[in-house]
Amino acid sequence: MIKILIVEDERPIADLLDMSLTAAGYSCDCIDNGLDAADAVEEKHYDLILLDVMLPGSDGFELMEYFAPLQIPVIFITARSSVKDRIRGLKLGADDYIVKPFEIAELLARVETVLRRCHKTDSRITAGDVTVDTQSRVVTRAGEPVQLTAKEYNLLLLFLQNKNIALFRETIYERVWENEYMGDSRTVDLHVQRLRKKLGWQEKIAAVYKVGYRLEVRE
Ligand code: CA
């Protein structure tokens, strides 16, 4: 799980950041002053720091000089909107800059972009010799690209997200086709056949009697 350190002394803003980022699937720690922030970064591993400029103790710029050699991406969060401050932050090595008040959607987009740019997110899922890049939607088998239809791709992702778990045909249909299952299993069966053939997964996608299918992966 991606860990984010929030350094912000305004409690309502720290809480808002914490809640929004936690809801988006990140793990967050909040610290309200510069000195404790420096300690936290030495004690724990963080993938990203959200750093307020105006802080008790040492300010965000001083902290940035401390964090920069550690190679942890930093996004400045500040009420100041002057160009001078923005340039100073970026020159010190910050990866981005957000001016309060900000929209949560904007914050999440910036966090995602910085993490991606710093290769902190892994967009690839693998099983055996098959790799899926969920950002580019490119599927490869032993390094060779495999052409899948949109439904086959979604079906593959569903299996990869549920390795070694038996999936009911009904569940597969509802998740991949986003329609209510009316009891006709031929569509699901046909797509599973096609996926098995394209990936060489005749054995790997096992039929589960009276249930559906299971992707069997030993890792
Ligand atoms: Ca502040």
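## Calcium site

The protein donors are D9 (OD), D52 (OD) and M54 (O), lying 2.1 to 2.3 Å from the calcium ion. Donors here are N, O and S atoms within 2.8 Å of the metal (3.2 Å for Na, K and Ca); water is not among the atoms, so sites may look incomplete. Along the chain the donors follow the spacing D-x42-D-x1-M. D9 lies in the loop between β1 (3-7) and α1 (11-23), and M54 in the loop between β3 (48-52) and α3 (60-67), so the pair ties together parts that are 45 residues apart in sequence. Helices (H or I, at least four residues) and strands (E, at least two) are DSSP runs, numbered from the N terminus.

D9 is partly exposed, at a relative accessible area of 32%, and M54 is also partly exposed, at 49%. Buried means under 20% relative accessible area, exposed over 50%, and partly exposed in between (1.4 Å probe, protein chains only).

## Basis of the model

This is a predicted model, in which local features need pLDDT of at least 70 and side-chain atom pairs count only at pLDDT 80 or more, while totals for chains, interfaces and linings use all residues. Residues are numbered from 1 along each chain as its sequence is written, and side-chain values use heavy atoms, with hydrogens and water left out.

## Strand β1 and its partners

Of the 5 residues of β1, 4 are buried, so the strand is largely enclosed by the rest of the structure. β1 runs parallel to β2 (residues 27-31), joined by 5 bridges; strands pair if DSSP finds at least two bridges between them. I4 stands opposite C28 in β2. The chain passes from β1 through α1 to β2 in a right-handed β-α-β crossover, meaning that, with the strands pointing away from the viewer, the path from the first strand over the helix to the second runs clockwise.

β1 is also parallel to β3, with 4 bridges between them. L5 has I49 as its bridge partner in β3.

## Cysteines

The whole structure contains 0 disulfides, a disulfide being a pair of cysteine sulfur atoms within 2.5 Å. For C30, the closest cysteine sulfur is that of C28, at 6.5 Å, which is too far for a bond. The sulfur of C118 also has C28 as its closest cysteine, at 17 Å, again too far for a bond. C30 is partly exposed at 37% relative accessible area, and C118 is partly exposed at 26%.

## Domains

The domain assignment, from an automatic or database source, gives domain 1 (3-117) and domain 2 (124-215). Their C-alpha centres lie 39 Å apart.
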